[in-house]
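Visitor: I have a model open and want to talk through some side chains. Can you walk me through it?

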Amino acid sequence: MSDHDTYQRLIHLLDSTATVYKLIDHEPEGTTETVSALRGHPVSEAAKCLILIVKIDRRVTRYVLAVVPGDRRVDLNAIRTLFAARYVGFCDAATAERLAHAVPGTVLPFSFDPELELVADPDVVAQPCLYFNAARLDRSLAISGTDYARLAEPRVERIASPVAN
């Protein structure tokens with residue numbers, strides 16, 4: 001599945017469920033802080049999407065798409081506790097791209113892969129308006145946190161911690 005296919009799948013999901021959303025075209029950008037400025041909203045309203053490798057034990061490895069507010073970081077210890085894992089870290093780029101069906105900087109807060117478990121922080125689903133790159137560096141999407149939770153069906157857990165200054 002290409003980035004274009006992932007984008008089309010997202011738009012089809014939104015249209016087929018009569019979900020209200022807004023598309024925002026902008027300069028190609030994948031960094032949360034920069035793209036939030038281009039879109040004209042606070043960074044806290046962005047969905048930062050990170051793909052993690054979670055090693056439960058020597059034999060069992062899981063992959064998690066962690067979605068946190070754009071002005072926060074993912075709390076790896078919270079993920080480790082959540083999955084009773086012995087190790088949690090950031091996934092390598094090739095695996096992340098394969099699981100997300102998107103290049104880094106364009107990962108959706110939706111999982112279209114059965115291998116990729118979706119966990120979102122409660123502050124993400126509570127957003128009146130949530131912004132994220134739409135599987136493209138030059139187009140973003142805005143949707144309510146409520147609609148996001150209804151469509152994506154994430155496991156909602158406290159996984160964000162403040163960004164250290």
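Visitor: Which residues does arginine 39 touch, not counting residues up to four places away in sequence?

Guide: This is a predicted model, to begin with. Arginine 39 touches Ile24, His26, Ala46, Tyr131, Phe132, Asn133 and Ser140, leaving aside residues up to four places away in sequence.

Visitor: Where does arginine 39 lie?

Guide: In helix α2. That helix covers residues 32-39, and its buried residues are Thr32, Val35, Ser36 and Arg39.

Visitor: How do those buried residues of α2 fall, seen down the axis?

Guide: Within an arc of 105°, so they line one face of the helix.

Visitor: Which side chain joins arginine 39 in a polar contact?

Guide: Histidine 41, at 2.9 Å.

Visitor: New topic. How many salt bridges does the count come to?

Guide: Nine. One of them joins aspartate 121 and arginine 158, with the closest N and O atoms 3.2 Å apart. The two sit in distant parts of the chain, 37 residues apart. Aspartate 121 is in the loop between β6 (116-120) and α5 (122-125). Arginine 158 is in the loop between β9 (155-156) and β10 (160-162).

Visitor: Is aspartate 121 buried or exposed?

Guide: Buried, because its relative accessibility is 0%.

Visitor: What does aspartate 123 form with arginine 158?

Guide: A salt bridge, with the closest N and O atoms 3.0 Å apart. Aspartate 123 lies in helix α5 and arginine 158 in the β9-β10 loop, so the pair ties together parts 35 residues apart in sequence. Aspartate 123 counts as partly exposed, at 28% relative accessibility.

Visitor: Which residues are linked in a network of salt bridges?

Guide: Arg72, Asp121, Asp123 and Arg158.

Visitor: One more pair. How do the side chains of aspartate 138 and arginine 136 meet?

Guide: In a salt bridge, 2.9 Å from N to O. Aspartate 138 is partly exposed at 29% relative accessibility, and arginine 136 is partly exposed at 25%.

Notes: Residues numbered from 1 in each chain as written. Predicted model: local features only at pLDDT ≥ 70, side-chain atom pairs only at ≥ 80, totals over all residues. Heavy atoms only, no water. Buried < 20%, exposed > 50% of the residue type's maximum accessible area, 1.4 Å probe, protein only. Helix = DSSP H or I, 4+ residues; strand = E, 2+ residues; numbered from the N terminus. Arc of directions from axis to C-beta. Polar contact = N/O pair within 3.5 Å; in protein donor to acceptor, adjacent residues only side chain to side chain. Contact = heavy atoms within 4.5 Å. Salt bridge = Lys/Arg side-chain N within 4 Å of Asp/Glu carboxyl O.
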